[in-house]
Amino acid sequence: MAAILQGLQFYPGDSFIHRLDPRAKLLISTTFLFITLIYVEVTVTTIIIVAEALLAAISGTMRRWIKTVYGSIPFIVAVFLMNYLVRMFIPGQPPTQVILYESFAAAYRLIALLASFSIFFLTTTPEEIGMTLTKLKIPYMYVFAFISAIRFTPILAEELQTIMDSQRSRGLELDKGNPLTRLKRYIPILVPLIVNVLRRSYELAEAMEVKCFGASKKRTYLKELKLRPRDLFVIILTLISISISIYFKFINPIKIP
Amino acid sequence: MFRDFIRKTRLPSGVDGDLRIIEVKDLGFKYAGTDFYAIKEVNLEINEGEFVILAGKSGCGKTTLLRCLNGLIPHFYEGEFEGRVLIDGVDTRDCPPYILSQKAGMVFQNPDNQLFALSVEADIAFPLENLGLPREEIRDRVEWALKLLKIEELRSRSPFELSAGQKQKVAIASVLAMRPKILLLDEPTSSLDPISAKNLIDAIIELNRKHRLTILISEHRLTHLIPHADKLAIMDKGKILYFDEPRKVLKEDVLMYGVSIPRVVEVVREMRKIGGCLPFREVPLSVDEFIRDLRGVLR
């Protein structure tokens, strides 16, 4: 699980992909997702995965990207088994070979799905994600919530660690007993954590007040995203590939091996 | 219209050419849900450009007083408010916090809880963006604030990469970007190690000396601050007991109010008790002064 999350975290770099406008990258990732969703064929999925791998290689985040794929293996196995077992017990299904193939195709698509957004998150700073959300006309209140989540999660994680350490040093055992007793043992950790969070939220509100949060209805921005020619080029290229995939799927369906 | 309003309230208020920038009259405040006054009968007059230290035990009302000065009380905290506070000629009760923040900027104890954005630059711009200032204006002010605190090289760092001292400097820069005339600091060094604390205090002193910013700082570590202060206020149980030049205040017995006075002051006081062997004319505020006086006596 942690491996998947690693593949969704920004990884600093200075590649063509990193410098691309986040909106273009978002479009690329969405396109991958879209094509994977409308096509079930293994061939198409393979093309998508190769394309994703290629982008990961260009951006120099190949290792992290592979970690995402690697971390998704449990899900993939689960999807494969579910598909296979459920269909085995339902009457009126095609022969085993076909079921096996189709279950494999479903699991394989999941790799492409999970890896598609990895490209976006690996090469886009949280700040850029925030700016993208602003550009997508999402109300600032939500953008601010998103940025705060990124800003304060590590601080809360640190706080949690401190509380766990201090409770452990008082003799609290967290790793023993059955799941239920273990869960109960987390109470002395959660209570101080929640109290701290409440106190912090009050201080934050105070600081926001001092920094004029919500003072003006029309908020301005220091930095704004601007599309450059190369971003436009990439966006047009991506739109063309979406159109092609729609054309061959819905308008003039062709048989893909 | 909104911007006009800001501009109007930012104009110098001195109708009669008065330099008094903070004026507190019979101020009392009782937080909602409590039955005692956090501060009571506080009177305070501070002139423009003064450097004032607020000292006293924890819970003596320092934070409450600072909150009153930038409008968090009564606008953010509810409770019973008595008396009046004039900041730059404006009554805090009639003025929303976002206007007051441009007159009296407030910096809090915990630097982590004051930084909201994901880079230093964005953080300094945060209040200006909230005010809806035009982009060029924001850019100019961010540059100005970065230069003022000498943190230009931190510009594109994320808050996670900063030390506590650097974070606190960013917090100050962010508040100063609103161009207030008064800077209120609530125990800004309490989460810093001694060296970063001294560093931060030096920066604060420079803001006062070079840029004539009126500063009101609540602090426990006075040793380094006192030589530069114009006034020292000692608070206890919600009241201001002493408010005068540090040298005069330190003549009194202020130790029992939880004020950690500079060692040299204690030394001279003890010497006097022994019996006027060293006739210091005045209480020395720093080691340098002490040595100078001592040399004069020995010669």
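**A buried helix and the contact between chains**

The buried residues of α5(B) are V120(B), E121(B), A122(B), D123(B), I124(B), A125(B), F126(B), P127(B), L128(B), E129(B), N130(B) and L131(B). Buried means that 20 or more other C-beta atoms lie within 10 Å of the residue's own; exposed means 12 or fewer, partly exposed is in between, and C-beta atoms are placed from the backbone. By that count α5(B) is mostly covered, with 12 of its 12 residues buried. Helices here are DSSP runs of H or I with at least four residues, strands are runs of E with at least two, and both are numbered from the N terminus.

This is a predicted model: local features need pLDDT of at least 70, side-chain atom pairs count only at pLDDT 80 or more, and totals for chains, interfaces and linings use all residues. Residues are numbered from 1 along each chain as its sequence is written, while chains are lettered from A and ligands numbered from 1 in the order in which they are written.

What do the buried residues of α5(B) pack against? They pack against α8 of chain A, together with α4, α6 and α7 (164–176) of chain B. Just after α5(B), G132(B) takes a positive phi of about 75°.

The contact between the chains takes 34 residues from chain B and 26 residues from chain A. Two residues are in contact if their C-beta atoms, placed from the backbone, lie within 7 Å. On the side of chain B that touches chain A, the elements giving two or more residues are α4 (97–100), α5 (120–131) and α6 (135–148). The largest share, 7 residues, comes from α5(B). By class, this side of chain B has 21 nonpolar, 9 polar and 4 charged residues. Ala, Val, Leu, Ile, Met, Phe, Trp, Tyr, Cys and Pro count as nonpolar, Asp, Glu, Lys and Arg as charged, and the others, Gly among them, as polar.

**Two helices of chain A**

Now turn to chain A. The axes of helix α3 (residues 22–38) and helix α8 (residues 126–135) of chain A come within 9 Å and cross at roughly 85°. α3(A) and α8(A) are therefore roughly perpendicular to each other. Angles of 65 to 115 degrees count as roughly perpendicular, under 35 as roughly parallel, over 145 as roughly antiparallel, and the rest as oblique. Axes are lines fitted to C-alpha atoms, for helices over the stretch in contact, and angles run from 0 to 180 degrees between N-to-C directions.

P22(A), R23(A) and L26(A) are the α3(A) residues in this contact, and they meet E128(A), I129(A), M131(A), T132(A) and K135(A) in α8(A). These residues divide into 4 nonpolar, 1 polar and 3 charged.

**The six-stranded sheet of chain B**

Back in chain B, an open sheet of 6 strands has the order β6-β7-β8-β3-β9-β10, with mixed pairing. Two strands pair if DSSP finds at least two bridges between them. The edge strands are β6 (104–107) and β10 (239–244) of chain B, each pairing on one side only. From one strand to the next, the twist averages 15°.

β6(B) runs parallel to β7(B) (residues 182–186), joined by 4 bridges. There, A104(B) stands opposite I182(B). Helix α8 (residues 194–211) of chain B packs on the sheet, touching β3 (51–55), β7 and β8 (214–218) of chain B, and its direction makes about 155° with that of β8(B).

β8(B) is mostly covered: 5 of its 5 residues are buried. T214(B), L216(B) and S218(B) point one way, and I215(B) and I217(B) the other. β8(B) pairs in the parallel sense with β3(B) over 4 bridges, and 5 bridges join β8(B) to β7(B), also parallel. I215(B) stands opposite F51(B) and is the bridge partner of L183(B).

**The four-stranded sheet of chain B**

A second open sheet, of 4 strands, has the order β2-β1-β4-β5 in chain B, with antiparallel pairing. Its edge strands are β2 and β5 (90–91) of chain B. Strand β4 (residues 79–87) of chain B is joined to β5(B) by 2 bridges, and L86(B) stands opposite D91(B). Helix α2 (residues 62–69) of chain B lies across β1 (20–31), β2 and β4 of chain B, at about 120° to β1(B).
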